[in-house]
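Subject: Structure handover

Hello,

Here is the structure I promised to pass on. Please open it and keep it beside this email as you read.

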Amino acid sequence: MGYRVAVVGATGNVGREMLQTLAERNFPVDEVVALASQRSAGGDVSFGDDKVLKVQRLDQFYFKGIDIVLSSAGAKVSADFAPKAAAAGAIVIDNTSFFRMDPDVPLVVPEVNPQAIAGYKKKNIIANPNCSTIQMVVALKPLHDAAKIKRVVVATYQSVSGGGKDAMDELFNQTRGIYVNQTVEKERFTKQIAFNCIPHIDIFMDDGSTKEEWKMSAETRKILDPNIAVVATCVRVPVFISHAEAITVEFERPLSDSEARAALKRAPGVTVIDLRADEGYVTQTEAAGDDAVFVSRIRRDPTVEHGLSFWCVSDNLRKGAALNAVQIAEVLVERYLQKRPAAPKRKAG
Ligand SMILES: NC(=O)c1ccc[n+]([C@@H]2O[C@H](COP(=O)([O-])OP(=O)(O)OC[C@H]3O[C@@H](n4cnc5c(N)ncnc54)[C@H](OP(=O)(O)O)[C@@H]3O)[C@@H](O)[C@H]2O)c1
């Protein structure tokens, strides 16, 4: 007894991770349908260690009878299919940016605002936030509860997998090409990404920030608190998986670094690795494949009255995308659908 689940974008970085996460966490499924474009229809994708699913065409699929859709095929695709799937009775958990700021669509990180999921009934759609926002708000939540955050300054170090499978290939091909003296070809990135860092993710906005930077600010306010000011600088770095963030927070009330460390250690989804010693912190390659949001380098910011700086790392394909979406589905099943048994959970981190 379980649910009928469809994964849209099942052949992509996030879609494959969604299938893996559903299987790993024993999400109660009766049937899983893998959907993608005409390009990969008829091919195979793995579901768990021992099952293989045939990829079907999204544009020829009818969603009647599907309970939950986990979607990650780009904003344009979601804009078109999600309302149709929702009208057919499915609840769509969408990974793209298209519905995130819609007031009738909840934007959810289960460790931070699970209560918002109740709002899914307005459109039968729930939005998964941007990968950089997710890991940041998981770490900010216990600090906000402890001392009320006024302002956040964040610089990101984002891996190329955040740009999809083609972006990963571009880093690989450029890196190999440079070693054999070939000309660097760029397609997905605006500049060479191998051995380089690019302070430009998504389009430029009128105020000079990028849309990725705007998302971190707007989404944090929707999820955590509309009064928090966030200024971000988002940078693509030549790392395959996991995003890192240098975060500085200003509070309304005093919070020592040891109180902050204790609050973070108690927080769901957070793992604190913070030794003031060689290797006493987590880096991007170490976080890849893990569910946790890792926090390291916690220290007071002496330039303001109540300030704190720290380093935050997480796998952008897991907590930044697939895991967060599956956790939303688990809350839906446990609190709102309740027609079949709840998923046995594995604790993040
Ligand atoms: N990567 C991240 O860290 C991350 C985090 C949060 C959100 N997201 C969002 O998730 C989405 C996908 O990201 P990704 O990294 O998985 O990209 P990806 O690796 O490039 O995969 C894209 C997926 O979408 C499918 N697709 C593309 N056009 C389609 C169409 N017209 N109809 C049906 N399926 C179509 C592709 O299928 P084919 O194989 O048939 O081309 C593939 O399965 C993006 O909107 C992204 O912003 C990504």
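Predicted model: local features only at pLDDT ≥ 70, side-chain atom pairs only at ≥ 80, totals over all residues.

**The six-stranded sheet**

Start with the open sheet of 6 strands. Its order is E9-E8-E10-E13-E12-E11, and the pairing is mixed. Which strands stand at the edges? They are E9 (229–236) and E11 (270–272). Each has a single partner strand, so one side of each is left without a neighbour in the sheet. From one strand to the next, the twist averages 25°.

Strands of a sheet pair through backbone hydrogen bonds, and the pairing is either parallel or antiparallel.

Now walk through some of the pairs.

- E8 (residues 149–158) and E10 (residues 243–251) run antiparallel, joined by 8 bridges. Find Ile149, and you will see Phe251 of E10 opposite.
- E10 also pairs with E13 (residues 307–314), again antiparallel, over 8 bridges. Here His243 has Ser314 in E13 as its bridge partner.
- E12 (residues 293–300) pairs with E13 in the antiparallel sense, over 6 bridges. Look for Phe294, whose bridge partner in E13 is Val313.

Next, find helix H3, residues 131–147. It lies across E8, E9, E10, E11, E12 and E13. Its direction is at about 30° to E10.

H3 also meets two other helices. Two packed helices are described by the angle between their axes and the distance between the axes.

Take H6 (residues 257–266) to begin with. The axes of H3 and H6 come within 9 Å and cross at roughly 125°. That angle makes H3 oblique to H6. The crossing is right-handed. Which residues of H3 meet H6? They are Ala139, Pro142 and Leu143, and they meet Ala260, Ala263 and Leu264 in H6. By class, the contact of H3 with H6 has 6 nonpolar residues, no polar ones and no charged ones.

Then turn to H5. The axes of H3 and H5 come within 9 Å and cross at roughly 40°. H3 and H5 are therefore oblique to each other. H3 passes H5 in a right-handed crossing. On the H3 side, the residues are Ser132, Thr133, Met136, Val137 and Leu140. On the H5 side, they are Glu212, Lys215, Met216, Glu219, Thr220 and Ile223. The residues of this contact divide into 5 nonpolar, 3 polar and 3 charged.

**Glu219 in H5**

One residue of that contact deserves a second look. Glu219 is found in helix H5. Is Glu219 buried or exposed? Its relative accessibility is 2%, and buried means under 20%. Glu219 therefore counts as buried. What is Glu219 in contact with, leaving aside its neighbours within four places in sequence? The list is Arg100, Met101, Leu107, Pro129, Asn130 and Thr133. Thr133 is also one of the H3 residues that meet H5.

E2 (residues 29–36) and E4 (residues 51–57) run parallel, and 3 bridges join them. Leu35 has Gln56 in E4 as its bridge partner.

E4 also pairs with E3 (residues 44–47). This pairing is antiparallel, over 4 bridges. Phe47 has Lys51 in E4 as its bridge partner. E3 and E4 form a hairpin, with 3 residues between them. Gly48 sits in the turn and has a positive phi of about 75°.

Where is Lys148? Its place is in the loop between H3 and E8. At 32% relative accessibility, Lys148 counts as partly exposed.

**Where to look**

Best wishes

Methods: Residues numbered from 1 in each chain as written. Heavy atoms only, no water. Pairing = 2+ DSSP bridges. Axes fitted to C-alpha atoms, helices over the stretch in contact; angles between N-to-C directions. Contact = heavy atoms within 4.5 Å. Parallel < 35°, antiparallel > 145°, perpendicular 65-115°, else oblique. Left-handed = near helix turned anticlockwise from the far one by under 90°. Nonpolar A, V, L, I, M, F, W, Y, C, P; charged D, E, K, R; others polar. Buried < 20%, exposed > 50% of the residue type's maximum accessible area, 1.4 Å probe, protein only.
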